[in-house]
Amino acid sequence: MYLTHLECPRCGREDDPGRLTNLCTCGSPLLARYDLAAVAATVTPERFGLRPADLWRYRELLPVADERHVTTLGEGWTPLLRAPAYGHEIGIDDLIVKDEGLTPTGSFKARGAAVGVSRARELGVRRLAMPTNGNAGAAWATYAARAGMAATIVMPLDAPAICRRECVAAGADLRLVDGLIGDAGRWVAELVADADGAIFDAGTLREPYRLEGKKTMGYEIVEQLGWQVPDVIIYPTGGGVGLIGIHKALHELRELGWVGDKLPRLVAVQSTGCAPIVRAFAAGEDRARPWVDAHTVAFGITVPAPLGDELILTALRESSGTAVAVDDAEILVDLRDFAAREGLLLCPEGAACLTAARHLRAGGWIRADERVVVLNTGSGLKYPETVDVSGVPVR
């Protein structure tokens with residue numbers, strides 16, 4: 001294993017990766033660091049094409065030392081799908097969608113769960129708990145079951161019903177709260193505190209390894225484009241782990257010498273009903289203030305106070321990117337328009353990225369000749385209510 005230490009991006013403190021840990025003592029998430037020089041001396045990009053088509057093909061850049069602890073359902077290596085019809089309509093001829101809806105449990109959350117559960121298993125965790133807006137809980141419950149681990153999943157009452165069913169099917173202890181993900185987080189914090197070390201808090205960015213699974217989206221995008229980077233990557237941002245992970249992956253690839261100095265501009269997409277990152281970015285602030293009365297049809301990005309706000313904002317500014325808030329009504333229109341033109345039903349969070357792309361192209365921030373990758377973070381089949389059924393009865 002090439003993992004050397006955990007590092008706090010806020011205070012610079014280093015921590016031992018062999019010890020089960022959550023946040024830094026200063027309250028910041030911790031980032032996994034690797035001996036990238038040793039990785040570069042061991043493996044070349046050409047080697048990955050000879051390996052299985054899953055995220056574990058990048059094992060030198062992942063935190064699991066003993067492969068016996070790897071918990072997998074074949075996650076990763078999702079397709080990049082060109083969208084010429086819709087792209088032409090909005091003025092982006094080289095528009096590409098990375099479809100995470102084809103992962104196990106139907107969302108990109110399977111990536112973080114696979115690596116997070118594997119590392120937790122390696123470090124001796126027997127039971128975990130986490131708050132979730134739905135898909136993450138379904139994924140972690142599923143992978144915990146595969147690892148022989150118990151899980152308590154806490155989600156809002158308004159979370160997608162299919163996610164609740166997935167948790168129950170996986171044997172998780174499911175708890176529902178009348179509120180938002182922050183309320184679920186407070187419930188988990190009390191549970192973990194009362195358990196005196198018997199339950200591990202696996203909440204978003206509260207452990208360092210979910211991020212390592214999510215970053216593989218960045219590796220895959222680059223490898224699938226022939227070890228070239230796109231001009232723009234657009235990402236639906238709630239907790240922001242995927243965006244932070246892609247940013248981390250791109251910098252690791254550059255340090256490895258596998259890509260050049262020019263990296264993609266990153267775009268964080270939020271809903272006008274919950275846009276703490278957009279507000280902070282526009283104001284030039286380093287931290288995001290909690291959003292009051294958060295609500296959006298894109299339930300997965302309903303995160304009023306993301307723990308990783310500093311890391312998200314840093315990723316946007318370091319990449320010369322931006323943050324965009326889009327309206328729910330437009331999200332649903334673009335979701336249906338894209339499905340009719342391209343034959344792919346996106347989740348509402350993925351459709352929000354299309355709305356953002358359309359606005360950014362219309363405003364000139366995206367140029368006509370640029371290659372743009374949009375992340376569809378989950379299967380549209382998990383959100384059947386986003387499409388109204390009004391078929392004509394047959395007489």
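Trainee: What volume does the largest pocket have?

Mentor: About 810 Å³. This is a predicted model, where local features need pLDDT of at least 70, side-chain atom pairs count only at pLDDT 80 or more, and totals for chains, interfaces and linings use all residues. Residues are numbered from 1 along each chain as its sequence is written, and side-chain values use heavy atoms, with hydrogens and water left out.

Trainee: What makes a space a pocket, and what makes it a cavity?

Mentor: On a 1 Å grid over the protein atoms alone, a cavity is a set of points where a 1.4 Å probe fits but cannot get out, whereas a pocket is an open set with protein on both sides within 12 Å along at least five of seven lines. Lining residues have an atom within 4 Å of a point. Grid points are joined across faces, edges and corners, and a volume is the space filled by probe spheres set on the points.

Trainee: Which residues are closest to the centre of the largest pocket?

Mentor: Of its 44 lining residues, I181, T204, G239, V303 and A305 are the closest to the centre. Helix α7 gives the most to this lining, with 7 residues. Helices (H or I, at least four residues) and strands (E, at least two) are DSSP runs, numbered from the N terminus.

Trainee: How is the lining of the largest pocket divided by class?

Mentor: Into 21 nonpolar, 15 polar and 8 charged residues. Ala, Val, Leu, Ile, Met, Phe, Trp, Tyr, Cys and Pro count as nonpolar, Asp, Glu, Lys and Arg as charged, and the others, Gly among them, as polar.

Trainee: How many cavities of 30 Å³ or more does the search find?

Mentor: The whole structure has 1. The largest cavity holds about 60 Å³ of space. Its lining includes L20, W140 and Y209, and divides into 9 nonpolar, 2 polar and 1 charged.

Trainee: At what angle do α13 and α14 pack?

Mentor: Helix α13 (residues 328-342) and helix α14 (residues 348-362) pack at about 95°, with axes 8 Å apart. Axes are lines fitted to C-alpha atoms, for helices over the stretch in contact, and angles run from 0 to 180 degrees between N-to-C directions.

Trainee: Why is α13 called roughly perpendicular to α14?

Mentor: Angles under 35 degrees count as roughly parallel, over 145 as roughly antiparallel, 65 to 115 as roughly perpendicular and the rest as oblique. The angle is about 95°, so α13 is roughly perpendicular to α14.

Trainee: Which residues make the contact?

Mentor: Contact means heavy atoms within 4.5 Å. Among them are I331 and F338 of α13, and L354 and R358 of α14.
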